[in-house]
Amino acid sequence: MLAQAEVDLYEVLEIHRGASKDEVRKAYRKAALASHPDKVPESEREEAEIKFKSVQEAYDILYDEEKREIYDTHGMSAFNGSGEPGMGAAPDLDDLLAQMFGMGGMGGMPGGAGPRPNRPRRSANEEQDYEVSLEDLYKGKTVKFASTKNIICGLCKGKGGKEKATAKKCSTCDGQGYKEVLTRMGQFLTQSTAPCTVCNGQGSFFSPKDKCKKCKGKKTTEEKKILEIWIPRGAREGEKIVLEGEADQVPDQEPGDIVFKVVEEEHPVFTRAGSDLSATIDITLAESLSGFSRVVIKHLDGRGIELKHPQTPGGILSPGQVLKIPGEGMPIKRSDNRGDLYLVVNVKFPDANWKPTPAMLEKLKELLPKPDTPIVSDTVDEVDYDPKAKLEDFGAHDGHGGSAWMDEDDDEEPAQCAAQ
Ligand SMILES: [Zn+2]
Ligand SMILES: [Zn+2]
């Protein structure tokens, strides 16, 4: 159970206090997704369930304009522990509402994205981003998550009242379903249209005894559902995965779709460009010169990629050299083809732990190619140097020099940036 008064519902959903209904819903779906059963290891399950419940409760209250208004003004204590998920307004809440707005009296809360006078024939699509790892985009993945949506009440079939009852015209809004409201903003009064809170934007309502018992006159009830989406192999950033007709149901409207937009997570090893992949491999100086036969990188599906070097006797690998491996890139959708894998060679030079004897160095000097012909000059100065200098410092002492260098860097060395 959620601790009373201690939890900030806005914090639970990680939204600001002025968040719109749409933002509340999006934050809720995101939070519900994060605590969905498949994503949590066994040891954290209990904690996740508690988190999921508080997310649910925060949504139940903040998504409902009236409950949210009460929460904003009275805090959690107004709900007396009766904010049961998915149960709609509890009786004490109705009393509170009557007190606050005076049933049949003055109504109209400013703001909020409630129903409009002219309703579309289809309820709105719900779009949200969905982050997918490169591994999952490579292999394809099924994701299940818990979702809550409004469905047409099964008891009254969306009427809102008992079978033989007729709705009364709302006198507060004169049957319009919306009202002109004046809002004070500093010294100004602004006029805007807001859904009528007495009839919930419907223009009419059933008297308490005629209200449908199940939906309490709301025409819809909340349903928890496990939704499943399939992320196809090779899916790309921005691609949309559509769950048709899974958005909230609204009486007399076709339900809209839930649409997930694929967002590719950054990968620590691989960089993707379309269907190609690139990565940097580390080899030692000795390997670059004398060859090797080993796994140089683990692919996105866990396979080790083995290279034999040299391919022809005497070949060496230089720093920054690019090796293209055909057919080892990302899968290409609706085909068995794959893009290519580009491996950029990073030659690791020996570090301070390498302690060669003078004799070893002498031997190396003998074995390796000799220096180019010496530079001949009339005067020669022998100078000291700092071996740990950084190129970023180049020109940095001068006011404009530093940024000039950065620009140059961007323009002239794109290969170096891409290789990182
Ligand atoms: Zn009903
Ligand atoms: Zn009304």
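**Close-up views of a predicted model**

Strand S12 (residues 292-298) is hardly covered, since none of its seven residues is counted as buried, where buried stands for 20 or more other C-beta atoms within 10 Å of a residue's own, exposed for 12 or fewer and partly exposed for what lies in between, with C-beta atoms placed from the backbone. The structure is a predicted model, in which local features need pLDDT of at least 70 and side-chain atom pairs count only at pLDDT 80 or more, while totals for chains, interfaces and linings use all residues. Residues are numbered from 1 along each chain as its sequence is written, and chains are lettered from A and ligands numbered from 1 in the order in which they are written.

View 1. Helices (H or I, at least four residues) and strands (E, at least two) are DSSP runs numbered from the N terminus, and two strands pair if DSSP finds at least two bridges between them. Strand S12 pairs with strand S13 (residues 304-309) in the antiparallel sense, over six bridges, and Arg294 has Leu307 in S13 as its bridge partner. Five residues lie between the two strands of this hairpin, where Gly302 takes a positive phi near 95°. His309 and Pro310 are joined by a cis peptide bond with omega about 0°, and Pro310 belongs to the loop between S13 and S14.

**View 2. The open sheet of four strands.** The strands of this sheet follow the order S10-S11-S15-S14, with mixed pairing. Its edge strands, each pairing on one side only, are strand S10 (271-273) and strand S14 (322-325). From one strand to the next the twist averages 30°, with axes taken as lines fitted to C-alpha atoms, for helices over the stretch in contact, and angles running from 0 to 180 degrees between N-to-C directions. S14 and strand S15 (residues 341-348) pair in the antiparallel sense over four bridges, and Val322 has Val344 in S15 as its bridge partner.

**View 3. The open sheet of three strands.** Here the order is S1-S9-S8, again with mixed pairing. S1 and strand S8 (240-243) stand at the edges with a single partner strand each, so one side of each is left without a neighbour in the sheet. The twist in this sheet averages 25° from one strand to the next. S1 and strand S9 (residues 258-264) pair in the parallel sense over seven bridges, and the partner of Asp129 in S9 is Lys261.

View 4. Helix H2 (residues 21-34) has 14 residues and reaches 20 Å from its first C-alpha to its last, close to the 20 Å expected at 1.5 Å a residue, the expected span being 1.5 Å times one less than the number of residues. Its buried residues are Val24, Arg25, Ala27, Tyr28, Arg29 and Ala31, and what covers them includes helix H3 (45-62), strand S1 (126-132) and strand S2 (141-152). H2 and H3 pack at an angle of about 170°, with their axes 10 Å apart. That makes H2 roughly antiparallel to H3, as angles over 145 degrees count as roughly antiparallel, under 35 as roughly parallel, 65 to 115 as roughly perpendicular and the rest as oblique. Val24, Tyr28, Ala31 and Ala32 of H2 meet Phe52, Val55, Tyr59 and Leu62 of H3, and the residues of this contact divide into eight nonpolar, no polar and no charged. In this division Ala, Val, Leu, Ile, Met, Phe, Trp, Tyr, Cys and Pro count as nonpolar, Asp, Glu, Lys and Arg as charged, and the others, Gly among them, as polar.

**View 5. Thr193 in strand S5.** Thr193 lies in strand S5 (residues 188-195), and with 14 C-beta neighbours inside 10 Å this residue counts as partly exposed. Leaving aside its neighbours within four places in sequence, Thr193 is in contact with Tyr178 and Glu180, where contact means that C-beta atoms, placed from the backbone, lie within 7 Å. Leu182 is eleven residues from Thr193 in sequence and 8.9 Å from it in space, C-alpha to C-alpha.

**View 6. Two loop residues with positive phi.** Asp174, in the loop between strand S3 (168-169) and strand S4 (178-185), has a positive phi of about 55° although it is not a glycine, and is exposed, with 11 other C-beta atoms within 10 Å. Lys216, in the loop between strand S6 (204-205) and strand S7 (220-231), also has a positive phi of about 55° without being a glycine, and is partly exposed, with 19 other C-beta atoms within 10 Å.

Technical notes. Contact = placed C-beta atoms within 7 Å.
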